[in-house]
Amino acid sequence: MSRIISVANQKGGVGKTTTAVNISSILAKRGKKVMLIDADPQGNASSGLGLEKDAENSLYDVLINDVDIESTLQDTDIKKLKVCPSNMSLAGAEVELVSQMSREQRLKEKIDVIKDEYDFIIIDCPPSLGLITLNAFTASDSVLIPVQCEYFALEGLGQLLNTINLVKKHLNKNLEIEGAVLTMYDMRTNLSNQVVKEVKRYFDDKVYKTVIPRNIKLSEAPSYGMPITLYDGKSKGARAYEKLTKEILKNDEIRNNQE
Ligand SMILES: Nc1ncnc2c1ncn2[C@@H]1O[C@H](COP(=O)(O)OP(=O)(O)O)[C@@H](O)[C@H]1O
Ligand SMILES: [Mg+2]
């Protein structure tokens, strides 16, 4: 059974891409077959894994030109991890989709055909709640929400949860919250501790025990085109993402046993 997870928060710079790239890489290193879909026109997940942005086919062609996901996939340095890349052209898709039939279902239709070949499909969402994100939510089993430890961390989360509920009601009744993960935690500041408490109150048992620390290695790795496990597997950042991935796998196991 495959699990399709959107990594989303309409705020930019909260750690979506860092989380999507690193959990995808760690799942693949642990032997899972993983597809990472870069759904942000910025293409940071693609470049963060060392892929060229001028790929012949990208997510844009999947959404607009009826190209199969399979033909966009690029290999990475991790054998079991494949990427559907994106680039600036995807920004146009947000506009072009508006006038199309079943415009929220495009990605789901494409993923449905190949999902059984993967254990995990991770979608790195753009910093908005537009049609690309709606496509991601419609195609997903769940949403993983990175929350940055900063002032106003909770700002916008109501709108995000509202969107998830609307998708549940109209487009994908099975959509769940996978979990919220606190990112860029700085243990030296009181603020971080305060945010952790607030987020735990807000999401209740849906917050991961693992908190991702602010770690310079995590921010350096993408410029070398590497996930943290390849760039510095012993760093605090790498260990934190290993722990988070274990939690995700554990929850998956519990869920599968219940079914
Ligand atoms: N835990 C972390 N420690 C230090 N820097 C981080 C951490 N997580 C993300 N960053 C950096 O912060 C910036 C924003 O992160 P990113 O994952 O791109 O966020 P988003 O995808 O939500 O916009 C990037 O430069 C990234 O390298
Ligand atoms: Mg991003």
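# Worked exercises: sheet, core and ligand shell

Apart from neighbours within four places in sequence, A136 is in contact with S6, A8, A39, L107, I123 and C125. Contact means that two C-beta atoms, placed from the backbone, lie within 7 Å.

The model is predicted: local features need pLDDT of at least 70, side-chain atom pairs count only at pLDDT 80 or more, and totals for chains, interfaces and linings use all residues. Residues are numbered from 1 along each chain as its sequence is written, and chains are lettered from A and ligands numbered from 1 in the order in which they are written.

## Exercise 1. The core

Find the size of the largest nonpolar core and the residues with the most contacts inside it.

**Solution.** 
- Step 1: A nonpolar core joins buried Ala, Val, Leu, Ile, Met, Phe, Trp, Tyr and Cys residues through C-beta atoms within 7 Å.
- Step 2: read off the core. The largest one has 68 residues.
- Background: nonpolar side chains tend to be buried together in soluble globular proteins.

## Exercise 2. Strand β1

Determine how many residues of β1 are buried, and which strands pair with β1.

**Solution.** 
- Step 1: check burial. In β1 (residues 3-7), five of the five residues are buried.
- Step 2: sort the directions. R3, I5 and V7 point one way, and I4 and S6 point the other way.
- Step 3: take the β5 side. β1 and β5 (residues 120-124) are parallel, with five bridges. I4 stands opposite I121, and V7 stands opposite D124.
- Step 4: take the β6 side. β1 and β6 (residues 142-148) are parallel, with three bridges. Here I5 stands opposite S142.

## Exercise 3. Strand β2

Explain why β2 is largely enclosed by the rest of the structure, and list its bridges.

**Solution.** 
- Step 1: count. Five of the five residues of β2 are buried, so the strand is largely enclosed.
- Step 2: sort the directions. V34, L36 and D38 point one way; M35 and I37 point the other.
- Step 3: follow the bridges. Four join β2 to β4 (residues 81-84), in parallel; L36 stands opposite V83 there. Five join β2 to β5, also in parallel, and F120 is the bridge partner of V34.

## Exercise 4. G43 and T183

Decide whether G43 and T183 are buried or exposed.

**Solution.** 
- Step 1: take G43. It lies in the loop between β2 (34-38) and α2 (44-48). G43 counts as buried because it has 23 C-beta neighbours inside 10 Å.
- Step 2: look along the chain. G43 and L90 are 47 residues apart, yet their C-alpha atoms are separated by 9.1 Å.
- Step 3: take T183, in strand β7. T183 counts as buried because it has 25 C-beta neighbours inside 10 Å.
- Step 4: list its contacts. Beyond four places in sequence, T183 is in contact with residues including V14, G15, T19 and I212.

## Exercise 5. Helix α11

**Solution.** 
- Step 1: place the helix. Its buried residues, among them Y241, L244 and I248, pack against β1, α1 (16-29), β7 (176-183), α9 (216-220) and α10 (228-232).

## Exercise 6. Ligand 1

Describe the shell around ligand 1 by class and by element.

**Solution.** 
- Step 1: split by class. The shell has six nonpolar, ten polar and two charged residues. Ala, Val, Leu, Ile, Met, Phe, Trp, Tyr, Cys and Pro count as nonpolar, Asp, Glu, Lys and Arg as charged, and the others, Gly among them, as polar.
- Step 2: α1 and α9 each supply at least two residues. The largest share, three residues, comes from α1.

Methods:
Buried ≥ 20, exposed ≤ 12 C-beta atoms within 10 Å, placed from the backbone. Pairing = 2+ DSSP bridges.
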